[in-house]
Amino acid sequence: MSYRLLHVTFLPICWTDIFKPLPRFISSHLKFRSNTCRVWCSSDCENRNQGEIMEQVVADGAEVMVGNPELLQRKISSIRLEGPAKLQVIADFDGTLTKYWVDGHRGHSSHGLLQQGNPEYDVKRQKLYEYYHPLEIDPTIPIDEKAKLMEEWWEKTHGLLIEGGLTYGAIKSSVANSRIAFRDGVLELFELLEKSNVPILIFSAGLADIIEEVLRQKLHRSFKNVKIVSNRMVFDQNGHLLSFKGKTIHVLNKNEHAIDMAAPVHDQLCDVNGLVDDASSVKMRTNVLLLGDHIGDLGMSDGLNYKARISVGFLNDNIEISRDSYRKSFDVVYMNDASMRGVVTLAFQLCSTGK
Ligand SMILES: [Mg+2]
């Protein structure tokens, strides 16, 4: 497939004369509300609505790929027609809601930031990582076998956290000392979706308690529409970790079925965040805006019989190698650790009535 310049004619955008041909793409810079963006599009996607579509997905100097703007436009229209009552957002956490680079260094993941407060056990967990991570990324291991290994890794890690005497205080101080930051625009996105009563499911193979603490410390407020579907800890009165709730959620089973697996989690979430939707009512929301940073994140909507799904991918690293596969897999791809502001614009469109 070849690529060419978008011919966009809507008012807020004016084209500059900067064109930069690349081997398989033609890119263009365009000006959008005082910001310059670069948009990539396949050659078979041009129509008169492209300007409108681009207005909905570009912002803040982001470099964006839209493989099929016509299909994206159809999805946007269909979701708008049904309104926010039928919409849910499913988001990965690390590298999706959070920045990949923080102050020039690789940002921490929600799991990687944890310092247990017991150096011996930090080392033990690191040794597990060194053993299992190569297995996780080994393409020769069949998926069933790998899923068992991942479960084994997660359960051993959870066991070490209990045995090593993890406290909630250690989680708080780990988050305070971590290099983790939300993408610019995440707060606005959450506020917009909260106002529109659209639930946000954050799916993570990490630890729900850490993610909640990151939300508290970095966004300085809680959201009643945010659910964390992840591994949840049980602490005693003194803040010592006792056990984990529900079935273990690891990298290979982090999908919509996780809602059922983590059923007990939701009881607790209702207390913590005052949630209005339970798992079954979330399943009635058949339009999805999915945010992820790995192609595997598309599986987060497995088990949900959705009508329309707009998938947004953040391509943070190995851009040249992964560009084609991301463009084919996601409806919209933001490159180079972009902000969330384009997604805010898109979500605003989706939550506005299209009638
Ligand atoms: Mg991620």
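## Overview

What percentage of the 355 residues in the protein do buried residues make up? The figure is 41%. It comes from a predicted model.

The secondary structure comes to twelve helices and 13 strands. Take the contacts between residues at least 6 apart in sequence: 68% of them join residues at least 24 apart.

## Helix α6 and its buried side

Helix α6 covers residues 186-195. An α-helix has 3.6 residues a turn, so residues three or four places apart point the same way.

What covers these buried residues? The cover includes the strands β5 (87-92), β8 (200-207) and β9 (226-235). It also includes a helix, α12 (341-351).

## Helix α12, largely enclosed

Now turn to α12. Eight of its eleven residues are buried, so α12 is largely enclosed by the rest of the structure. The buried residues are Arg341, Gly342, Val343, Val344, Thr345, Leu346, Ala347 and Leu350.

## Two helix pairs

Two packed helices are described by the angle between their axes and the distance between the axes. Start with α6 and α12. Their axes come within 9 Å and cross at roughly 10°. An angle under 35 degrees counts as roughly parallel, so α6 is roughly parallel to α12. On the α6 side, the residues that meet α12 are Glu188, Leu189, Leu192 and Leu193. On the α12 side, they are Val343, Val344, Ala347, Phe348 and Cys351. By class, this contact of α6 with α12 has eight nonpolar residues, no polar residues and one charged residue.

The crossing is right-handed. From α5, the contact uses Ile171, Lys172, Val175 and Ala176. From α7, it uses Asp209, Ile210, Glu213, Val214 and Gln217. This contact of α5 with α7 divides into five nonpolar, one polar and three charged residues.

Asparagine 197 lies in the loop between α6 and β8. It has 14 C-beta neighbours inside 10 Å, so it counts as partly exposed.

Aspartate 337 also has a positive phi of about 55°, and it is not a glycine. Look for aspartate 337 in the loop between β13 (332-335) and α12. With 18 other C-beta atoms within 10 Å, aspartate 337 is partly exposed.

## Glycine 164: a loop residue

Glycine 164 lies in the loop between α4 (143-163) and α5. Glycine 164 has 18 other C-beta atoms within 10 Å, so it is partly exposed.

Which residues does glycine 164 touch, leaving aside those up to four places away in sequence? They are Gln116, Asn118 and Tyr121. Asparagine 118 is 46 residues from glycine 164 along the chain. Their C-alpha atoms are separated by 6.5 Å.

## Leucine 315: a strand residue

Leucine 315 lies in strand β12 (residues 308-315). Is leucine 315 buried or exposed? With 24 C-beta neighbours inside 10 Å, leucine 315 counts as buried.

Leave out residues up to four places away in sequence, and leucine 315 touches Ser322, Arg323, Tyr326, Val333 and Met335. Leucine 315 and asparagine 336 are 21 residues apart in sequence. In space, they are 6.5 Å apart, C-alpha to C-alpha.

Definitions and conventions:
Residues are numbered from 1 along each chain as its sequence is written. This is a predicted model: local features need pLDDT of at least 70, side-chain atom pairs count only at pLDDT 80 or more; totals for chains, interfaces and linings use all residues. A residue is buried if 20 or more other C-beta atoms lie within 10 Å of its own, exposed if 12 or fewer, and partly exposed in between; C-beta atoms are placed from the backbone. Helices (H or I, at least four residues) and strands (E, at least two) are DSSP runs, numbered from the N terminus. Two residues are in contact if their C-beta atoms, placed from the backbone, lie within 7 Å. A crossing is left-handed if the near helix is turned anticlockwise from the far one by less than a right angle, and right-handed if clockwise. Ala, Val, Leu, Ile, Met, Phe, Trp, Tyr, Cys and Pro count as nonpolar, Asp, Glu, Lys and Arg as charged, and the others, Gly among them, as polar. Axes are lines fitted to C-alpha atoms, for helices over the stretch in contact, and angles run from 0 to 180 degrees between N-to-C directions. Angles under 35 degrees count as roughly parallel, over 145 as roughly antiparallel, 65 to 115 as roughly perpendicular and the rest as oblique.
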